[in-house]
Amino acid sequence: MMGVMRLSVLKALVMCIACGASAWVVTNSTDTLSAPSNVTDIGSALKHHLDSANIPKTRRRRYISQDDMIAILDYHNKVRGKVFPPASNMEYMVWDENLAKSAEAWAATCIWEHGPQYLLRFLGQNLSVRTGRYRSILQLVKPWYDEVNDYVFPYPRDCNPRCPLKCYGPMCTHYTQMVWATSNRIGCAVNTCHNMNVWGSVWRRATYLVCNYSPKGNWIGDAPYKVGVPCSACPPSYGGSCSNNMCFPGVTSNYLYWFK
């Protein structure tokens, strides 16, 4: 997030190696060629992950504040409602506590890679890390959106979904996950990590953001959304409700009750 920038892996690596007053890197989990025909219950997978995660059951604060949570959610919905060309089936995104807890478990590891692997069969995941001065959670989220500068709907022409591990060039999969029409739930966690290894360079103090998405998006070969008159192709479950160019649910989110 730091203004509108064209993100490439080469730039990210230069920033990472420099490790000056401020640097950030982002990465996205896209390694599935097509959507699975049978998907195991995601609730069971999340429950197993949370039960096995080594997270203190009590702490003074969560790994994300309510202000950060609202900022992330509102930013995603702002981006989703203004896609171009316009989307006919874009669903309003809501906060999901279980996704947030799974993100918290992974952020606590301070490992700069996607995971846990078995959970990624069911979830999409965007990662971002920053070192140096830190003012706003959106500094970690906006670089995902900035990839729109390298993206041409419906399929990326210059963006390789296999990047950044196997090539050098721009990425688009953070952006496409943000605007994947059917990925209507998000949960994130932010953690301060010390001596974090980011692509071979040790950052003494890093701010690490993990966002998990469900249902999983970024299926290679599929467009992130359908083009058309906004809300003209909403799933029947929305009952025809539309808000800010998005299919709008009866219950917008559970985030207002999460911190009670």
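A contact here means heavy atoms within 4.5 Å. The model is predicted, so that local features need pLDDT of at least 70 and side-chain atom pairs count only at pLDDT 80 or more, while totals for chains, interfaces and linings use all residues. Residues are numbered from 1 along each chain as its sequence is written, and side-chain values use heavy atoms, with hydrogens and water left out.

**Overall architecture**

Helices (H or I, at least four residues) and strands (E, at least two) are DSSP runs numbered from the N terminus. The protein chain has six helices and seven strands, and from the N terminus on these elements follow the order α-β-α-α-β-α-β-α-α-β-β-β-β. Of the 260 residues in the protein chain, 51% are buried, where buried means under 20% relative accessible area, exposed over 50%, and partly exposed in between (1.4 Å probe, protein chains only). Among contacts between residues at least 6 apart in sequence, 81% join residues at least 24 apart. The accessible surface of the protein chain comes to about 12,700 Å², and 53% of that surface belongs to carbon and sulfur atoms; such areas come from the Shrake-Rupley method with a 1.4 Å probe, and for residues only the protein chains shown count as cover.

**Disulfides**

With a disulfide taken as a pair of cysteine sulfur atoms within 2.5 Å, the count comes to four disulfides. The table lists some of them.

| Pair | S to S distance |
|---|---|
| Cys 110 and Cys 193 | 2.1 Å |
| Cys 231 and Cys 242 | 2.0 Å |
| Cys 234 and Cys 247 | 2.0 Å |

The link of Cys 110 and Cys 193 is left-handed, with -85° about the S-S bond. Cys 110 lies in the loop between helix H4 (97–107) and strand E3 (124–132) and Cys 193 in strand E4 (residues 185–198), so this pair ties together parts that are 83 residues apart in sequence. Cys 110 is partly exposed, at a relative accessible area of 22%, whereas Cys 193 is buried at 0%.

For Cys 231 and Cys 242 the torsion about the S-S bond is about 70°, so the disulfide is right-handed. Since Cys 231 lies in the loop between strand E5 (201–214) and strand E6 (242–243) and Cys 242 in strand E6, the pair ties together parts that are eleven residues apart in sequence. Cys 231 is buried, with a relative accessible area of 17%, while Cys 242 is partly exposed, with 40%.

The link of Cys 234 and Cys 247 is left-handed, with -90° about the S-S bond. Cys 234 sits in the loop between E5 and E6 and Cys 247 in strand E7 (residues 246–247), 13 residues apart, and both cysteines are buried.

Glu 91 is found in the loop between helix H3 (66–81) and strand E2 (94–95).

A polar contact of 2.6 Å does join the side chains of Glu 91 and Tyr 238. Such a contact is a pair of N or O atoms within 3.5 Å; within protein, one must be able to donate a hydrogen and the other to accept it, and residues adjacent in sequence count only if both atoms are side-chain atoms. Not counting residues up to four places away in sequence, Glu 91 touches Arg 80, Ala 181, Thr 182, Asn 184, Pro 235, Tyr 238, Met 246 and Cys 247.
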